[in-house]
Amino acid sequence: EKKQKKKQGQKKKKSMMEQLRGSLGLTAPENSGWVYFGKTDLKTGKVESRGKLLVSVEILPSDLVNRRKCGDGRDEPNAFPMLPPPEGRVDFTKMMFNPFYAVQTCLGDSLAKECGAGCCCILFAAAFIALGVVFGPEIQILMSVLNMLPVEVAKIVVLVIVGLIVCCCGYLCCCVCRKDKVPDNEYDEIV
């Protein structure tokens, strides 16, 4: 009985693994097989594995071939089997004209967003210093006005000004770091 339960458990695990592979697209297609590549070391005579390739071949009668038209590669009609566009390839023409795309491609999405947020904060600090230089006299006038106010009121005014600056900086950083809520494939349907 224990052996039967163990075998049933293994069957369930195997079917669960098959379901996971199927959902990830890792199942081998029909009429396919693995071709193993290797290199024979001439000194030792051992075969070293160099990789493997999953190949699917279909031999069809000519009347079925004429009914199931298929283009070369990804050309139309892209069917039997449908070949999806490649993922993860870099568009070099886009990279030449868009430096942000180049940085995102080289660093990856998350690191590019972190660097972008850091650059925004550095630019905000540089702008704050530049504005301090340009508006130095106005700042001195504001300081003299604050000195004339009672201490409690001056503290409240300073806290409000600092709070506004922090909120603006936080808003800018959140805008840079936020993720788009519309997936890429939905843009195709809109256009």
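Me: What share of the contacts in the chain with a separation of 6 or more comes from residues 24 or more positions apart?
Reply: The share is 27% in this predicted model.

Me: What makes up the chain, and in which pattern?
Reply: The chain has 8 helices and 2 strands. Along the sequence they run α-β-β-α-α-α-α-α-α-α.

Me: What is the accessible surface of the chain, and which part belongs to carbon and sulfur atoms?
Reply: The total is about 17,200 Å². Carbon and sulfur atoms hold 64% of that surface.

Me: Why does G71 count as buried?
Reply: Its relative accessibility is 17%. The limit is under 20%. G71 is therefore buried.

Me: Where is G71, and what does G71 touch?
Reply: G71 sits in the loop between α2 (62-67) and α3 (92-97). Leaving aside residues up to four places away in sequence, G71 touches E76 and P77.

Me: How do α4 and α5 pack, in angle and in distance between axes?
Reply: Helix α4 covers residues 99-107 and helix α5 covers residues 109-134. Their angle is about 125°, and their axes are 7 Å apart.

Me: Which hand does the crossing of α4 and α5 have?
Reply: The crossing is right-handed.

Me: Which residues meet between α4 and α5?
Reply: From α4 come V103, Q104 and L107. They meet D109, L111, A112 and C115 of α5. By class, this contact has 5 nonpolar, 1 polar and 1 charged residues.

Me: What angle and axis distance do α5 and α6 show?
Reply: α5 packs against helix α6 (residues 136-148) at about 80°, with the axes 4 Å apart.

Me: What makes α5 roughly perpendicular to α6?
Reply: The class takes angles of 65 to 115 degrees. About 80° falls in that range, so α5 is roughly perpendicular to α6.

Me: Which residues make the contact of α5 with α6, and how do they divide by class?
Reply: α5 gives L131, G132, V133 and V134. α6 gives G136, P137, E138 and I139. The classes are 5 nonpolar, 2 polar and 1 charged. Gly counts as polar.

Note on methods
Residues are numbered from 1 along each chain as its sequence is written. This is a predicted model: local features need pLDDT of at least 70, side-chain atom pairs count only at pLDDT 80 or more; totals for chains, interfaces and linings use all residues. Side-chain values use heavy atoms; hydrogens and water are left out. Contact means heavy atoms within 4.5 Å. Accessible areas come from the Shrake-Rupley method with a 1.4 Å probe; for residues, only the protein chains shown count as cover. Axes are lines fitted to C-alpha atoms, for helices over the stretch in contact, and angles run from 0 to 180 degrees between N-to-C directions. A crossing is left-handed if the near helix is turned anticlockwise from the far one by less than a right angle, and right-handed if clockwise. Buried means under 20% relative accessible area, exposed over 50%, partly exposed in between (1.4 Å probe, protein chains only). Angles under 35 degrees count as roughly parallel, over 145 as roughly antiparallel, 65 to 115 as roughly perpendicular and the rest as oblique.
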